[in-house]
Amino acid sequence: MSENVVEAKTDVVLVGAGIMSATLGAILRRLQPDWSITAFERLDAAAAESSDPWNNAGTGHSALCELNYTPAKPGGGVDITKAINVNEQFQVSRQFWAFAVDNGILTDPKNFINPVPHVSFVHGADNVKYLRARYDALAGHPLFAGMEYSESPEYFSERLPLMAQGRDFSEPIALNWTQDGTDVDFGALTKQLLNNVAASGGTVHFGHDVTDLDKQSDGSWIVKVRNRRTGQARKVHARFVFVGAGGGALHLLQKSGIAEAKGFGGFPVSGQFLRCTNPELIAMHSAKVYGKAAVGAPPMSVPHLDTRVIGGKQGLLFGPYAGWSPKFLKNGKFTDLPGSVKPNNLLSMIGVGLTEMGLTKYLIGELMQSPRDRIGTLGEFVPQARMADWELITAGQRVQVIRRKGAGGVLEFGTAVVNAGDGTIAGLLGASPGASTAVPAMLDVLERCFPDRWTAWQDTLREMVPSLGVKLSDDTALFDKVWRWGTKTLQLDVASPVDATAPAEPATV
């Protein structure tokens, strides 16, 4: 063995310093304070990829406003099954964050979560009819209580003055308005969680690239790491590995050789937003407003106008506009996509290429848009939008999951946990609703990978998430209890102390 290779041992290796690894690390510190935890991040800062606040819209995804979670039924009405499931998952995250604040794991809720209304917006007679049906289906459900519906131009103008200016109200419009929505700075949340992991005995290495994963005969792993600044090689012996590397997870899971990763592929899509630079306009809008995706467009293309609260300053984003790059990470390589094609997923990749012509057509259309075209799209939300008030920014890179199906493959717009059957390694693939479901996703990882400990952990887990194993939809008393607790502890009943006259600045890496 080379003398310049550093060797070390640890119980848990976390690959990536984003919201998923940070969440799992914080939970494990509470469950097993005697376990050693080591995290490796290839960049020089935490939450520098998809978890960065300017690389996502910051929506606390709870299906209050996202119309892609409430599709119209062929025979009429609206299917709210997925909306309920997404909301239930967000409630789990919300409870853990409240527990974390109460127990000093998180120190400042206003730093990462703030109240911002969630709104659905449509125009045109058919869309108004759909939104009314959506409201009728959701408003009586306990998780969506308090939702308002209006077709009134006066209500619209009062609630959304920026969107009302210059609007022709001769065309029917409608809103679903929910006051209890949230804006989440997942970058700030990630950093607070990682700070707790480090302060409680964990180790976080930045500027370190995980290059390979080798399974040992005893079930442990050798994680090969390279210091990107010095070139120093390191071999870390770990009992459990979690690959929370965002778009980089697929490559590492493939390198691990686990059978469960075979057949999976990834399709990268980059996102762009228009960011408002005019403080007067930013101050006129305080909501996250979601519309309907164009006919034939994928769910990830749903247009939305988002109030952001980042570092105590209010911002405003509109998008997404899709771009394309073969990179799997914003700071990735152009060889990421071709390098991910293997004999075991080739048919999956080809199958998606043949069946997802709608996505291909959508991406080509997006790539051909001019600045004037983008402002034209924004004009549906802000009729008097001017190019001088907005700048185009490139947000995070997303890698959609391609899963084997029959002799081919299918593209999935969601998240997927991939774990070895022996529970020694797991990873997360996919995107939206992503960060909002970090806590339930990581609890899923723990249940799959540590079935022998899961029962013993129950009391501690229920302290973190009182509704664990219970659908809040079926227990309104428990829902009311945890909702009031979370609202008070996370200070969501206190107005955000934001400065709308000074737009939030982009984070630097």
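This note goes through the sheet, the ring contacts and the backbone details of one predicted model.

1. Basis of the note. In this predicted model, local features need pLDDT of at least 70 and side-chain atom pairs count only at pLDDT 80 or more, while totals for chains, interfaces and linings use all residues. Residues are numbered from 1 along each chain as its sequence is written, and side-chain values use heavy atoms, with hydrogens and water left out.

2. The sheet. An open sheet of 9 strands has mixed pairing and the order S5-S6-S4-S13-S14-S15-S12-S16-S17. Strands (E, at least two residues) and helices (H or I, at least four) are DSSP runs numbered from the N terminus, and two strands pair if DSSP finds at least two bridges between them. Strand S5 (148–150) and strand S17 (408–412) stand at the edges with a single partner strand each, so one side of each is left without a neighbour in the sheet. From one strand to the next the twist averages 30°, where axes are lines fitted to C-alpha atoms, for helices over the stretch in contact, and angles run from 0 to 180 degrees between N-to-C directions.

3. Helix over the sheet. Helix H3 (residues 125–138) lies across strand S4 (118–123), S5 and strand S6 (173–178), and runs at about 25° to S6; contact here means heavy atoms within 4.5 Å.

4. Strand S14 and its neighbours. Strand S13 (residues 288–290) and strand S14 (residues 304–310) run antiparallel and are joined by 3 bridges, with Tyr290 opposite His304 and Lys288 having Asp306 as its bridge partner.

5. Burial of S14. Of the 7 residues of S14, 7 are buried, so the strand is largely enclosed by the rest of the structure; buried means under 20% relative accessible area, exposed over 50%, and partly exposed in between (1.4 Å probe, protein chains only). In a regular strand the side chains alternate between the two faces of the sheet. Both faces of S14 are covered, with His304, Asp306, Arg308 and Ile310 buried on one side and Leu305, Thr307 and Val309 buried on the other.

6. Aromatic pairs. A search of the whole structure finds 15 aromatic pairs. Rings of Phe, Tyr and Trp (its six-membered ring) pair if their centres lie within 6.5 Å, and planes under 30 degrees apart count as stacked, over 60 as edge-to-face and the rest as tilted. Trp35 and Phe450 form a tilted pair, at 5.5 Å centre to centre with 45° between the planes. This pair links distant parts of the chain, 415 residues apart, with Trp35 in the loop between helix H1 (19–31) and S2 and Phe450 in the loop between helix H13 (438–449) and helix H14 (451–454). Both Trp35 and Phe450 are buried.

7. Trp97 and Phe112 form an edge-to-face pair, at 6.1 Å centre to centre with 80° between the planes. Trp97 lies in helix H2 and Phe112 in the loop between H2 and strand S3 (113–115), so the pair ties together parts that are 15 residues apart in sequence. Trp97 is buried, with a relative accessible area of 1%, and Phe112 counts as buried at 1% relative accessibility. Elsewhere, ring pairs link Phe121, Phe156, Phe169, Phe318, Tyr321 and Phe381 into a cluster.

8. Charges over rings. Arg94 lies over the face of Trp483, at 3.7 Å from the ring centre, and the charged end of Arg275 sits over the ring of Trp54, 4.6 Å from its centre. A charge sits over a ring if NZ of Lys or CZ of Arg is within 6 Å of the ring centre and within 35 degrees of the ring normal.

9. Backbone points to check. A cis peptide bond joins Gly319 and Pro320, with omega about 0°, and Pro320 lies in strand S15 (residues 313–323). Ala63, a residue other than glycine, has a positive phi near 65°; Ala63 is placed in the loop between strand S2 (37–41) and helix H2 (81–102) and is buried, with a relative accessible area of 0%. Gln491, which is not a glycine either, has a positive phi of about 60°; Gln491 lies in the segment after helix H16 (476–489) and counts as partly exposed at 31% relative accessibility.
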